[in-house]
Amino acid sequence: MTARKPSRRTPVPAEAPRVEPPAPEPAPAPATPPPHPRRSAAGRGVRRARPLDDGDRGRLLAGEHHAPHDLLGAHPVRGGVTFRVLRPYARSVTVLAKGLRAPLHDDGDGFFSGLLPMPTLPDYRLLVAYADTEIEIQDPYRFLPALGDLDLHLIGEGRHEELWTALGAQPMEHQNVAGTRFTLWAPNARGVRVAGDFNYWDGTGFPMRSLGSSGVWELFLPGIGEGALYKFDVCRPDGSHTLRADPMARYAEVPPANASIVTASHHEWRDQEWMAHRGDVPVHEAPLSVYEVHLPSWRPGLGYRQLAGQLPAYVKDLGFTHVELMPVSEHPFGGSWGYQVTGFYAPTSRMGTPDDFRFLVDSLHRAGIGVIVDWVPAHFPRDDWALAEFDGRPLYEHSDPSRAAHPDWGTLEFDFGRTEVRNFLVANATYWCEEFHIDGLRVDAVASMLYLDYSRQEGEWSPNERGGRENLDAVAFLQEMNATVYRRNPGVVTIAEESTAWDGVTRATHHVGPGGFGGLGFGLKWNMGWMHDSLEYMSKDPVHRKYHHNEMTFSMVYAYSENYVLPISHDEVVHGKRALVSKMPGDWWQQRANHRAYLGFMWAHPGKQLLFMGQEFAQGSEWSEGHGPDWWLLDPSYAAESDHRGVRTLVSDLNTVYGRTPALWQRDTVPEGFDWVDGGAAEDNVLAFLRYDAHGSPLLAVSNFSPVVRHDYRVGVPDLLGDRVAWAEVLNTDAARYGGSDVGHPDPLKPQPVAAHGRPGSLLLTLPPLATVWFRPV
């Protein structure tokens with residue numbers, strides 16, 4: 001068999017100091033007393049060991065033996081020490097120790113063995129000769145298990161919160177020897193072997209041992225280090241074999257290759273100040289505006305480290321507080337944008353190593369920018385080298401086919417009721433926060449997890465034990481995940497993409513709601529209703545908007561039922577939905593004006609903000625993962641560059657004013673932070689409201705969604721300090737610098753003692769066409 005060329009492999013040297021002996025092999029029939037050790041120095045005195053039982057021999061060769069360490073390696077027996085080695089394709093195997101060079105007998109099928117007349121187990125190595133080379137190695141079967149009882153106990157209970165330290169490939173020093181510990185959970189397997197570029201992808205000589213009833217298999221391979229490629233050769237219950245990538249791999253080959261790679265982190269973090277203070281203010285009481293990014297296409301061709309030289313500066317210049325990265329977990333199909341994950345613990349290698357990704361996060365933090373990642377625990381693809389029927393039976397997916405198959409995406413749903421599977425996912429959530437300093441997890445497709453009848457017809461689902469349609473296992477999983485993440489990682493926020501009216505998505509898990517369920521425990525929830533309604537309104541010609549006015553006001557009916565994010569995400573600018581500016585009616589000037597007015601309304605509305613890349617400069621075409629944003633629109637040589645540059649400047653100013661104005665974020669989640677001035681001016685296409693900070697200081701936002709200037713438009717304002725207070729325009733989306741007609745209020749306005757909208761005083765405004773204007777008292 002031809003060896004695969006290793007990529008990024010750095011062999012780890014291994015020494016062979018004295019080790020504790022393994023459990024003894026049952027003694028054979030009495031033998032003659034051992035001769036003097038010098039007789040065996042040249043191989044004399046190596047007798048044949050007791051032959052392996054045919055059953056054991058067959059199971060080892062078939063890769064279905066649960067205890068290979070009981071048979072392979074060195075074992076004290078009556079009359080000396082038995083050595084047994086399984087090395088397919090070897091011509092000879094010699095035991096080397098101090099004063100000893102003992103060739104073993106060739107037993108056929110790759111087995112070599114011998115009985116050496118020795119009083120104790122020696123420190124030894126193996127000299128393995130092949131047709132064209134000899135290698136001197138440590139014997140993997142002379143080592144005790146490298147996984148402790150506490151780890152196994154926690155895995156069995158589904159409570160190992162640092163599961164990545166127990167399972168997978170872990171470079172380490174074990175019994176004073178450098179190597180890698182391989183561990184795998186595969187309870188249905190008849191046997192498991194390690195195959196890799198270090199054994200020509202033939203795992204016959206590397207069977208793993210089963211660690212009791214835990215379902216965990218383990219093998220320590222001395223001399224194997226970072227960069228080694230590997231997979232697990234799993235013997236299914238029916239005796240067939242499947243070669244699988246490691247579910248716990250921390251690094252993988254660049255797709256379409258799919259081997260796992262042994263790795264360890266050497267990154268030295270420099271974001272200590274960020275980490276120490278990110279939790280100083282609760283996220284729902286802090287400014288949070290998010291720039292959503294698909295990393296592979298933001299600047300196509302750049303790796304993590306190259307992105308670190310550009311993305312932080314760009315986002316900081318725009319004023320966003322956070323970036324949200326579409327899934328960075330390893331995935332085979334780029335067209336899924338990362339939402340069909342096969343490597344839940346591995347940042348995609350398309351752009352570099354795990355440490356390269358750490359470098360990017362570190363750089364963002366040092367620029368003062370938080371990092372949220374999309375996390376996808378709802379489902380996984382059916383690739384036959386990944387999680388599907390991993391050990392020959394449903395393992396990560398539900399055993400009931402009707403509950404395992406995701407009806408929308410051709411994928412499989414996790415079995416949230418199985419403790420080990422739930423542990424795999426809960427630990428994965430904390431892994432990203434702790435190993436990569438991630439500040440938030442946006443959980444994808446929560447609704448598809450919560451409902452047994454999601455996208456299913458009558459007869460395609462069964463009620464839960466209460467007779468309802470709620471997936472009680474998924475509810476318990478989400479509650480456990482959120483509670484664990486918040487307990488272990490102060491300052492981290494979890495965000496639900498949940499498209500229904502499920503009660504208590506952002507309620508604490510111990511607070512039971514009217515439906516009898518505790519809250520799910522998320523920090524924030526995407527407001528899909530606001531997104532849908534407001535975009536529907538904006539798509540209408542202004543002459544028809546009065547008939548849809550309630551679509552812009554209805555969000556305030558439920559605005560405080562959850563802690564919301566207002567998302568204009570990637571989902572809204574692909575698959576024929578058109579880019580944000582292209583959704584707007586009218587000519588090019590009107591489209592841009594609508595776009596700007598909408599962003600001004602969005603940034604003033606209660607809730608946090610999220611904007612997908614490309615929409616910050618009014619890209620007119622839909623996003624494609626193949627080429628990313630149309631950066632050429634910002635090239636000074638392009639005739640309409642100023643049109644797009646103006647929108648980008650507006651986004652930067654929106655974020656700047658937003659960050660300096662606590663009224664826009666400090667009381668986002670309580671009714672006291674908002675007050676309608678006029679939510680009923682449907683005939684005028686005008687919306688006016690006040691936002692208040694914790695001290696009662698207001699900001700007035702007025703949106704005119706008609707293409708006409710409205711002169712002498714009276715708006716009621718609160719009585720602050722009588723006529724001693726003036727109101728200054730702090731942002732106007734119609735400003736010339738943004739590409740507008742520059743209708744505005746250059747000077748502060750004094751309130752007039754004319755009652756309006758239930759208030760004793762009012763301002764007489766000139767409302768620009770298709771614009772949002774913010775005012776603040778000075």
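In this predicted model, four strands form an open sheet in the order β4-β3-β7-β8, with antiparallel pairing. Strands here are DSSP runs of E with at least two residues, helices are runs of H or I with at least four, and both are numbered from the N terminus; two strands pair if DSSP finds at least two bridges between them. The edge strands are β4 (100-103) and β8 (134-137), each of which pairs on one side only. On average, and with direction ignored, neighbouring strands of this sheet are turned by 20° against each other. Axes are lines fitted to C-alpha atoms, for helices over the stretch in contact, and angles run from 0 to 180 degrees between N-to-C directions. Within the sheet, strand β3 (residues 92-97) and strand β7 (residues 124-129) run antiparallel and are joined by six bridges. Ser92 stands opposite Ala129 in β7. In general, strands of a sheet pair through backbone hydrogen bonds, either parallel or antiparallel.

Residues are numbered from 1 along each chain as its sequence is written, and side-chain values use heavy atoms, with hydrogens and water left out. Because the model is predicted, local features need pLDDT of at least 70 and side-chain atom pairs count only at pLDDT 80 or more, whereas totals for chains, interfaces and linings use all residues.

A second open sheet has five strands in the order β29-β30-β31-β35-β33, again with antiparallel pairing. Its edge strands, each pairing on one side only, are β29 (674-681) and β33 (727-732). Neighbouring strands of this sheet are turned by 20° against each other on average, direction ignored. Strand β33 is joined to strand β35 (residues 771-777) by five bridges, and the two run antiparallel. The bridge partner of Leu731 in β35 is Trp774. Helix α15 (residues 641-660) packs on this sheet and touches β33 and β35, its direction making about 140° with that of β33. Contact means heavy atoms within 4.5 Å. Helix α14 (residues 588-604) lies across β30 (686-692), β31 (698-704) and β35, and runs at about 40° to β35.

The UniProt record, an unreviewed entry, lists Asp444 and Glu497 under "active site". The two residues span 54 residues in sequence, yet no two of their C-alpha atoms are more than 5.4 Å apart, so they gather at one spot. UniProt positions are given in the numbering used here, feature names are shortened, and annotations may be inferred rather than shown by experiment. Asp444 is placed in the loop between β24 (440-443) and α10 (446-450). With a relative accessible area of 8%, Asp444 is buried; the term denotes under 20% relative accessible area, with exposed over 50% and partly exposed in between (1.4 Å probe, protein chains only). The side chain of Asp444 makes a polar contact of 3.0 Å with the side chain of Arg442. A polar contact is a pair of N or O atoms within 3.5 Å; within protein, one must be able to donate a hydrogen and the other to accept it, and residues adjacent in sequence count only if both atoms are side-chain atoms. Beyond its neighbours within four places in sequence, Asp444 is in contact with Tyr339, Trp375, Val376, Pro377, Ala378, Met449 and Glu497.

Glu497 is found in the loop between β25 (493-496) and β26 (524-526). At 12% relative accessibility, Glu497 also counts as buried. Not counting residues up to four places away in sequence, the residues touched by Glu497 include Arg442, Asp444, Trp526, Met528 and Asp571.

Further buried positions occur elsewhere in the chain. Asp233 lies in strand β14 (residues 229-235) and is buried, with a relative accessible area of 11%. A polar contact of 2.8 Å joins the side chains of Asp233 and His241. Apart from residues up to four places away in sequence, Asp233 touches Gly191, Val192, Arg193, His241, Thr242 and Leu243. Ala259, in the loop between β15 (241-244) and β16 (260-261), is buried with a relative accessible area of 0%. Ala259 and Arg244 are 15 residues apart in sequence, and their C-alpha atoms are 8.2 Å apart in space.

Helix α7 (residues 354-366) has 13 residues and reaches 18 Å from its first C-alpha to its last, close to the 18 Å expected at 1.5 Å a residue. The expected span of a helix is 1.5 Å times one less than its number of residues. The helix α7 is mostly covered, as 11 of its 13 residues are buried; among them are Phe357, Leu360, Val361 and Leu364. After α7 comes Gly368, whose phi is positive, near 80°.
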